[in-house]
Amino acid sequence: MTATLVFIDTETTGLDLTDDIWEFAAIRCNPDGTSESLHLFIQHDTAKCAKLPASFFGDHMARWPHGFAPVEPSHAAELIVDILRREDGQRVHVVGAVPNFDTERLALLLTRHGHSPQWHHHLIDVENLAVGWLAGCGEPLPPLPWNSDDLSRAIGINPDDYRRHEAMADVEWARDIYDRVMNGGAS
């Protein structure tokens with residue numbers, strides 16, 4: 001690997017850009033084979049969670065902030081900037097499932113606290129990778145919308161093995177999809 005990859009995921013209080021990030025996770029894979037991870041619960045306006053679908057609201061209520069000390073958004077921004085830092089002057093490559101959802105909100109959080117996003121502008125979406133890999137294997141899928149669980153199963157990654165919609169579990173799931181596709185089906 002010649003580039004730094006950072007697999008990311010966020011959990012938010014809704015789908016709007018004005019909604020807060022309440023959970024962030026990342027695994028940074030460096031070119032030298034080392035890795036580091038970050039998992040945060042971030043202080044947020046919990047009242048915004050009331051508009052979440054019932055399953056997401058229930059998840060938030062069950063996990064917030066049980067077992068974790070939530071961090072202030074300004075401190076979260078500092079920690080996030082560090083894990084997304086440049087390597088040898090090169091911007092890191094962000095990888096995730098629909099990573100623009102995460103990077104758009106992260107950019108707002110970072111700029112709100114005096115930081116500039118430092119990731120490469122070409123985001124890597126593991127769902128698109130899976131679709132392309134399946135097409136290359138002679139199993140093309142019809143156009144959108146794709147179901148991420150179905151895509152995952154189609155390439156041999158069982159999504160039921162992950163605690164979906166928990167930030168670190170979703171990061172691990174995205175990493176495993178990436179590894180499966182980029183290793184030609186071997187993992």
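## Who lines the pocket

Strand S1 provides the largest share of the lining of the largest pocket, namely 5 residues. Keep in mind as you look around that this is a predicted model.

The largest pocket has a volume of about 560 Å³. Which residues lie closest to its centre? Of the 25 residues in the lining, these are Glu11, Leu15, Phe56, Phe101 and His165. Two or more lining residues come from each of these elements: S1, helix H1 (54-63), helix H3 (99-112) and helix H6 (167-182).

What classes of residue make up the lining of the largest pocket? There are 11 nonpolar residues, joined by 8 charged and 6 polar ones.

## From S1 to its neighbour

Strand S1 covers residues 5-12 and runs antiparallel to strand S2, with 8 bridges joining the two.

## On to the hairpin

S2 has another partner to meet. It is joined by 7 bridges to strand S3 (residues 35-41), and these two strands also run antiparallel. Here Ile27 has Ser37 in S3 as its bridge partner.

How many residues sit between S2 and S3 in their hairpin? There are 5, and in this turn you can find Gly33, with a positive phi of about 95°.

Definitions and conventions:
Residues are numbered from 1 along each chain as its sequence is written. This is a predicted model: local features need pLDDT of at least 70, side-chain atom pairs count only at pLDDT 80 or more; totals for chains, interfaces and linings use all residues. Side-chain values use heavy atoms; hydrogens and water are left out. Two strands pair if DSSP finds at least two bridges between them. Helices (H or I, at least four residues) and strands (E, at least two) are DSSP runs, numbered from the N terminus. On a 1 Å grid over the protein atoms alone, a cavity is a set of points where a 1.4 Å probe fits but cannot get out, and a pocket is an open set with protein on both sides within 12 Å along at least five of seven lines; lining residues have an atom within 4 Å of a point. Grid points are joined across faces, edges and corners, and a volume is the space filled by probe spheres set on the points. Ala, Val, Leu, Ile, Met, Phe, Trp, Tyr, Cys and Pro count as nonpolar, Asp, Glu, Lys and Arg as charged, and the others, Gly among them, as polar.
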